[in-house]
Amino acid sequence: MTNTLEDKGQEKQQLALMSDVMDHAEGEGVENKEEEGGVEMDLTSQGVTRNVVPGIIYLGHIPPRFRPRHVRNLLSGYGEVGRIFLQPEERFIRKKKKKAGTNAKNFTEGWVEFRDKRVAKLVAASLHNTPMGVRKRSRFHHDLWNMKYLHRFKWTHLSERLAYERQVQQQRMRAEVSQAKRETNFYLQNVEKSKHFSKKDRQGQQEDKSWGFVQRQTEEEIQTSKGNKRLQQRLARAAEIQEKSQSNRSLLAKIFNTKQ
């Protein structure tokens with residue numbers, strides 16, 4: 001029972017706000033005519049023409065699953081809504097969501113254009129920090145409007161800002177790509193240098209490393225080497241003499257047929 005009473009009270013507040021906005025926006029005009037500077041309204045009561053300038057509201061909070069059609073449905077009751085733009089979230093966030101298994105596309109901020117800036121001012125001042133959904137069964141009942149009227153802000157300014165952000169993002173991407181290329185080239189150069197150094201080390205290990213000079217022999221080493229040479233020569237001569245004597249004995253034994 002209390003919930004229905006609250007819903008009815010909120011509906012009454014919304015209807016009162018809508019009536020105030022409509023009275024404020026349409027109470028003075030009877031016929032609309034489009035011109036270059038805006039929309040001309042013929043005031044029959046005063047006989048004065050006044051240009052109607054569009055007004056833009058900034059939305060700082062966009063709940064999940066909130067789409068431009070929801071914005072139009074919720075705000076068109078307060079005044080004529082023109083163009084709507086919602087800024088989608090970053091690509092890397094969407095990639096993370098896709099990896100996690102969710103493909104929902106959400107938005108971070110938005111801009112809404114009203115036909116009359118007076119209506120936009122009144123809507124931003126009245127709906128700020130109020131629930132988005134009138135009824136509690138609404139999906140966005142627990143989300144609050146975060147609105148701000150942008151003074152002297154035109155839709156062309158938004159287009160310029162979006163173009164500037166895209167250009168900045170492209171420059172950032174180019175800078176990141178060039179930085180990645182430099183890091184890759186630096187890594188490849190270091191790999192080649194390490195291969196070259198390791199090859200030199202292997203060649204140095206295979207070769208016999210020396211100091212580049214030959215140590216001179218001492219006198220004792222020279223005499224010892226000479227004595228060894230002389231001893232070897234004497235032994236060789238003695239072996240030759242013994243071999244010759246044995247050959248002579250065998251020859252004489254054959255001649256005289258005598259036993260040794």
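1. Buried means under 20% relative accessible area, exposed over 50% and partly exposed in between, with a 1.4 Å probe and protein chains only. Helices (H or I, at least four residues) and strands (E, at least two) are DSSP runs numbered from the N terminus. By these terms H3 is hardly covered, since the count of buried residues among its 10 residues is 0. Gly101 follows H3 and has a positive phi, near 105°.

2. This is a predicted model, in which local features need pLDDT of at least 70 and side-chain atom pairs count only at pLDDT 80 or more, while totals for chains, interfaces and linings use all residues. Residues are numbered from 1 along each chain as its sequence is written, and side-chain values use heavy atoms, with hydrogens and water left out.

3. The loop between E5 and H3 holds Glu89. Glu89 is buried, with a relative accessible area of 12%. Contact means heavy atoms within 4.5 Å. Not counting residues up to four places away in sequence, Glu89 touches Arg94, Lys97, Ala104, Lys105, Asn106, Phe107 and Thr108.

4. A pocket is an open set of points on a 1 Å grid over the protein atoms alone, where a 1.4 Å probe fits, with protein on both sides within 12 Å along at least five of seven lines; lining residues have an atom within 4 Å of a point. Grid points are joined across faces, edges and corners, and a volume is the space filled by probe spheres set on the points. The largest pocket has a volume of about 740 Å³. Of its 21 lining residues, Gln87, Glu89, Glu90, Arg91 and Gln169 are the closest to the centre. Strand E5 (81-88), helix H3 (91-100), strand E6 (107-114) and helix H5 (155-206) each give two or more residues to this lining. H5 supplies the largest share, 9 residues.

5. A nonpolar core is a set of buried Ala, Val, Leu, Ile, Met, Phe, Trp, Tyr and Cys residues joined through side-chain atoms within 4.5 Å. The largest such core has 23 residues, of which Leu75, Phe114, Val123 and Met147 touch the most other members. H4 gives the most to this core, with 5 residues. Not counting residues up to four places away in sequence, Leu75 touches Val81, Val112, Phe114, Val123, Leu127, Trp145 and Met147.
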